[in-house]
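Let's take a friendly walk through this model, pocket by pocket. Keep the structure open beside you as you read.

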Amino acid sequence: MAKKKAATKKRGTNGATKNDVGLIGLAVMGQNLVLNMADHGFSVSVYNRTTAKMNEFIEKCEAEEPSANRVHGYAKLKAFVQSIAKPRKIIFLVKAGRPVDMVIDELLPLIDKGDILIDGGNSEWLDTIRREKDLAAKGINFVGSGVSGGELGARFGPSLMPGGSKEAWKSLGPIWRAIAAKVDKKTGAELQGAEPGKPVKGGETCTAHLGPDGAGHYVKMVHNGIEYIDMQLICEAYAILRGLLGMKPDEISKVFEDWNTGELSSYLIEITADVLQQKDPVNKRKFFVDSVLDAAGQKGTGKWTAMNALDIGIPANAIGEAVYARCLSALKEQRVAASKVLKGPKVKVIKSNRKKYIDMVCDALYCSKICAYAQGFQLMAEAQKEYNWKLNFGEIAKIWRGGCIIRARFLQKITDAYTKDKKLQNLMLDPYFKKAIHGSQDNWRKIVSMCAEHGISAPAFGSALAYYDGYRSEVLPANLLQGLRDYFGAHTYERVDKKRGQFFHVDWPDPKRPQYKV
Ligand code: 2AM
């Protein structure tokens with residue numbers, strides 16, 4: 001049975017008889033966000049479609065959580081809405097797509113003008129733009145907010161990427177700033193140590209208003225695209241250390257531990273070290289990774305990033321490669337069959353100079369990572385023109401420093417780069433990153449060519465290098481491409497000795513009449 005607590009006895013930060021905020025959708029992320037808000041002194045009304053789940057959560061709170069007295073469950077949506085102080089702030093964490101529209105439709109008859117609906121799921125930014133527009137016409141504020149950091153992030157400090165109107169941010173900001181991850185002002189390192197009932201105090205908060213309508217969800221999508229490539233690069237480094245150097249998972253774990261003390265220091269590198277030293281829970285003599293089927297799943301945000309890059313014409317090839325790498329992995333049965341038929345070079349395990357090769361892989365990983373981030377930021381730079389946003393890239397890197405899955409020491413350098421030069425055209429051109437690539441590219445090139453020589457598939461390392469070499473090329477063979485297009489389709493071409501925007505055409509021989517012998 002749903003326990004409806006007397007809201008009059010429970011007060012949050014607003015000093016009134018109503019609760020500060022409401023949350024719909026009590027899956028793990030929703031539950032943890034509620035507890036995080038309660039820990040920070042906010043009284044929270046909660047509602048879930050399946051009431052039993054809500055009751056279970058309330059009972060668990062009462063048994064285990066120091067802030068349980070600030071969490072109030074409601075079995076009926078109307079009572080839930082009425083329990084929240086105006087302007088109401090109602091967060092929902094439900095599946096992206098139709099469920100979000102369904103929740104909005106159910107809420108609409110119950111809420112008032114000026115109330116704020118906050119979609120904290122992984123919605124597509126175009127849906128968010130549409131919803132914001134529709135709801136603004138009804139006088140309702142709508143905020144699409146990226147929430148990153150997984151379950152633990154939601155509980156003790158996520159990175160929060162809100163869009164929506166400035167007015168909505170005024171109301172939501174105090175809550176979002178309080179519950180977001182906190183980082184050290186100088187180093188950008190995440191301040192750790194939060195525990196139930198005792199949130200982290202001080203530090204810079206990992207949230208900022210990113211822009212109107214879909215800006216927050218767009219930035220979250222790019223974050224996820226970057227997460228895909230970060231993970232793919234880590235996996236390729238692992239594959240090289242394993243294949244080329246014949247290292248065992250626990251030895252590779254030590255390498256990642258070591259990398260985590262340097263420029264590559266990040267959450268994903270840290271957890272890679274953990275995963276690699278993990279033993280299989282079923283067969284303790286085996287390493288866990290060796291028992292995991294090599295077929296990757298995906299939920300779609302990486303694909304959206306790559307698709308949007310194609311749509312707006314930005315070469316985010318490393319991000320796209322990370323998505324394709326997952327697709328290729330998923331063709332497990334085909335690969336097993338092909339492995340018996342398609343020949344390649346035999347990998348010759350390198351036994352000597354291990355340290356030298358490990359350092360080379362480290363350099364290849366770092367350079368590829370710089371290119372991947374450069375692509376992600378270029379994508380956002382182009383998208384803001386399309387959607388009329390004014391994104392602050394220094395700030396975006398700043399709010400990714402803590403809480404989220406891609407949190408890394410490296411992000412402080414990106415913040416520094418965009419703080420120094422707000423109009424920076426490409427991250428690779430920033431003096432710090434330029435120097436890093438210049439210093440490490442020889443090793444990067446060697447690793448990419450060794451992969452090709454030994455038949456180790458490392459698409460992201462190679463693709464990032466092709467991007468680097470393409471971006472720094474004054475002349476690309478697109479001159480020939482334009483010539484071909486003009487030949488077969490009269491698509492015209494621009495000339496190197498004329499201003500851009502003037503188009504020319506050569507009167508080619510009739511392309512329908514073959515000029516070659518069959
Ligand atoms: P449930 O517990 O009733 O399934 C994540 O799936 C969360 O979203 C769950 O809390 C789930 O509720 C909720 N959810 C999914 N679809 C929904 C919908 N159409 N309306 C309301 N909540 C929904």
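## The second largest pocket

The second largest pocket has a volume of about 1300 Å³. A pocket here is found on a 1 Å grid over the protein atoms alone, as an open set of points where a 1.4 Å probe fits, with protein on both sides within 12 Å along at least five of seven lines. Grid points are joined across faces, edges and corners, and the volume is the space filled by probe spheres set on them. This is a predicted model, in which local features need pLDDT of at least 70 and side-chain atom pairs count only at pLDDT 80 or more, while totals for chains, interfaces and linings use all residues. Residues are numbered from 1 along each chain as its sequence is written, and side-chain values use heavy atoms, with hydrogens and water left out.

Lining this pocket are 41 residues (each with an atom within 4 Å of a grid point), and Leu-93, Val-94, Lys-95, Ala-96 and Gly-121 lie nearest its centre. Helix 8 gives the most to this lining, with six residues; other elements that supply at least two include helix 1 (28-39), strand 6 (141-148) and helix 12 (301-312). Helices (H or I, at least four residues) and strands (E, at least two) are DSSP runs, numbered from the N terminus. By class, the lining has 17 nonpolar, 15 polar and nine charged residues. Ala, Val, Leu, Ile, Met, Phe, Trp, Tyr, Cys and Pro count as nonpolar, Asp, Glu, Lys and Arg as charged, and the others, Gly among them, as polar.

## The ligand and its shell

Which pocket does the ligand take up? Its space is the second largest pocket, by the rule that more than half of a molecule's atoms lie within 2 Å of the grid points. The residues around the ligand (a heavy atom within 4 Å) include Gly-25, Ala-27, Asn-48, Thr-50, Pro-99, Met-102 and Val-103. Helix 4 (residues 98-107) gives the most to this shell, with three residues. The shell has seven nonpolar, three polar and two charged residues.

The protein buries 86% of the 480 Å² that the ligand exposes when taken alone, with areas from the Shrake-Rupley method and a 1.4 Å probe.

## The largest pocket

The largest pocket holds about 1900 Å³ of space. Of its 46 lining residues, Gln-232, Cys-235, Tyr-238, Asp-294 and Ser-329 are the closest to its centre. Helix 8 (215-243) gives the most here, with 11 residues. The lining divides into 29 nonpolar, eight polar and nine charged residues.

## Backbone details

Most residues other than glycine have a negative phi, and most peptide bonds are trans. Lys-86 and Pro-87 are joined by a cis peptide bond, with omega about -10°; Pro-87 lies in the loop between helix 3 (77-82) and strand 4 (89-92). Asn-388, although not a glycine, has a positive phi of about 65°, and is found in the loop between helix 15 (354-387) and helix 16 (393-399).
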